[in-house]
Amino acid sequence: MKSKSVLSTIFAIVFGVLVLAGYLFGKNADGTLSLLGELQQLILNVAVILAGFAVLVGILNLLLVHLKKVRSKQKGAGYSTILIITLVATFLLGLLAHYIPKAASLFSDTFQFIQLPIEKSLMALLVVTLAYASMRLLRRNLNLVSVIFLITTLLIMAGMASWPFLGDLPFLSGVVRPFMTQVPVVAGARGILLGVALGTLTTGLRILFGSDRPYGGKDG
Amino acid sequence: MTGILQGLVGLGIILLSAVLMVGVVAWQRKSPASFREIPAFTRLRNSVGRIVEGGTRLHVSLGHGALTSPQSGATLAGLVLLGRMVELTSGGDQPPIATSGDAALAILSQDALQTGSQAFAPRKYDLTNGRLTGLTPFSYAAGAIPAIHDNNVSSNVLIGNFGPEVALLAEAAEQENSLTMAASDNLTAQAVLFASAREPLIGEELFATGAYVDAGPLHAASLRVQDIMRWLIIIVILVGALLKLAGFL
């Protein structure tokens, strides 16, 4: 078990360094891929193929979770039954789609007329959820930052909206909103993104050092 | 030539960070690091006690950032936190559950749960505790909501790469009156979480989780290195602005 962990750590470090080197020195002066660049592409392509297999394992896991729910008659077992039936049906349609044109059309209809509308309605639900959360924010966490957050949100929304009988509000949409979105928001966003980039850098370094081992073995 | 120069600059930044990290670890042996208090982590530590004593459960949602994408940093930070939380809650009756929106990530979360449970409580590992709940952002959120409602969950940690759909998860946790600590590398998700989560982490606080849950000396050193690099960036920006103002650039 321990030698397996050592081996996977060595693999992770070697391939991590190779991919990193590919990002840094992956192109020749004439823009073509260097040896490191080609090696990086090869490793990433293998990773993509492995990720494809991982999807199959993940779907099997999804099936197991819901089968367990149905078997043990947990809360929501009815929904789990529907999920299992639709999952198997969609999977079969996907397999048959290569051989039967009617199945291919049904397969694409499944996404166009079931999956997409459901996701769009969840997005619509999100608007209500966020409006409610914003109202609750002041009750839960009344401080200066929360007040500034809400006032900024309201000002930008008012500046974006086209008002009945008035159209755009000249001062809000012409002065306040462009200033807010182009100066403080961009400055804050860049600061946060720089912080995220530095955090990502140190996270990557910990993996190259073999300290963090999310691929198996205890983190160090 | 520009490409090679950019590569060398990148390599220089990485090497400088690596050297600083090793140096800070050595320095911390003499003088241990102390960090400012972040209320979210204090409440998370308190919730661990409640989970163990109350026989409730922790739910960790890792988002849908693929490991081969630029968002993998946030995903890996989430996996580190998951591993540590499995250890911390190992004295409880119910092991944590992990949900994710990426298949490879779901497998890694199962690995973290299994490693933790084997090390501390050998009989508790259940394959279905690490779950893939959906492969698109909204299907992932829709699949993770029942995990919050149905599993005697008292605390939720939402950490990784999310989009605005994370509000649905935060709202579900709010309905259960459970603690929600939430962090994302995505700017939209951060704004959404500020309004909807009880304990949002903003910006690079996401990457401080390992240091605050004592995941290892390199995590504490990482925070110091980030601070040093941030000051270097500030100096470079200011010098650049001054040189531009003086007409040298």
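1. Let's start with the strands of chain B. Strand β1 (residues 57–63) of chain B pairs with β2(B) in the parallel sense, over three bridges. Two strands are called paired if DSSP finds at least two bridges between them. Strands here are DSSP runs (E, at least two residues), as are helices (H or I, at least four), and both are numbered from the N terminus. Across this pairing, B:Ser61 stands opposite B:Thr99 in β2(B). To get from β1(B) to β2(B), the chain passes through helix α3 (residues 72–88) of chain B, and this β-α-β crossover is right-handed. Right-handed means that, with the strands pointing away from the viewer, the path from the first strand over the helix to the second runs clockwise.

2. A word on what you are looking at: this is a predicted model, in which local features need pLDDT of at least 70 and side-chain atom pairs count only at pLDDT 80 or more, while totals for chains, interfaces and linings use all residues. Residues are numbered from 1 along each chain as its sequence is written, chains are lettered from A and ligands numbered from 1 in the order in which they are written, and side-chain values use heavy atoms, with hydrogens and water left out.

3. Back to the sheet, on the other pairing of β2(B). Strand β3 (residues 130–132) of chain B runs parallel to β2(B), and three bridges join them. Here B:Ser100 stands opposite B:Leu132 in β3(B).

4. Are the faces of strand β2 of chain B covered or open? Both are covered. In this strand (residues 97–100), B:Ile97 and B:Thr99 are buried on one side, and B:Ala98 and B:Ser100 are buried on the other. Buried means under 20% relative accessible area, exposed over 50%, and partly exposed in between (1.4 Å probe, protein chains only). In a regular strand the side chains alternate between the two faces of the sheet.

5. Now for the meeting of the two chains. The contact (heavy atoms within 4.5 Å) takes 73 residues from chain B and 59 residues from chain A. About 5500 Å² is buried between them, and carbon and sulfur atoms give 72% of that area. Buried area is the accessible area (1.4 Å probe) that two parts lose on being put together, summed over both.

6. How many salt bridges are there between chain B and chain A? The count is five, a salt bridge being a side-chain nitrogen of Lys or Arg within 4 Å of a carboxyl oxygen of Asp or Glu. One joins the side chains of A:Arg136 and B:Glu171 (3.0 Å, N to O). On the side of chain B that touches chain A, α1(B) gives the most, with 12 residues.

7. B:Ser17 counts as buried because its relative accessibility is 0%. Leaving aside neighbours within four places in sequence, B:Ser17 is in contact with A:Leu201, A:Leu205, B:Val225 and B:Met229.

8. Finally, two loop residues to check. A:Phe165 is not a glycine, yet has a positive phi of about 70°. A:Phe165 sits in the loop between α5 (144–160) and α6 (170–182) of chain A, and is exposed because its relative accessible area is 89%. In chain B, B:Asp214 lies in the loop between α8 (209–212) and α9, with a positive phi near 55°. At 58% relative accessibility, B:Asp214 also counts as exposed.
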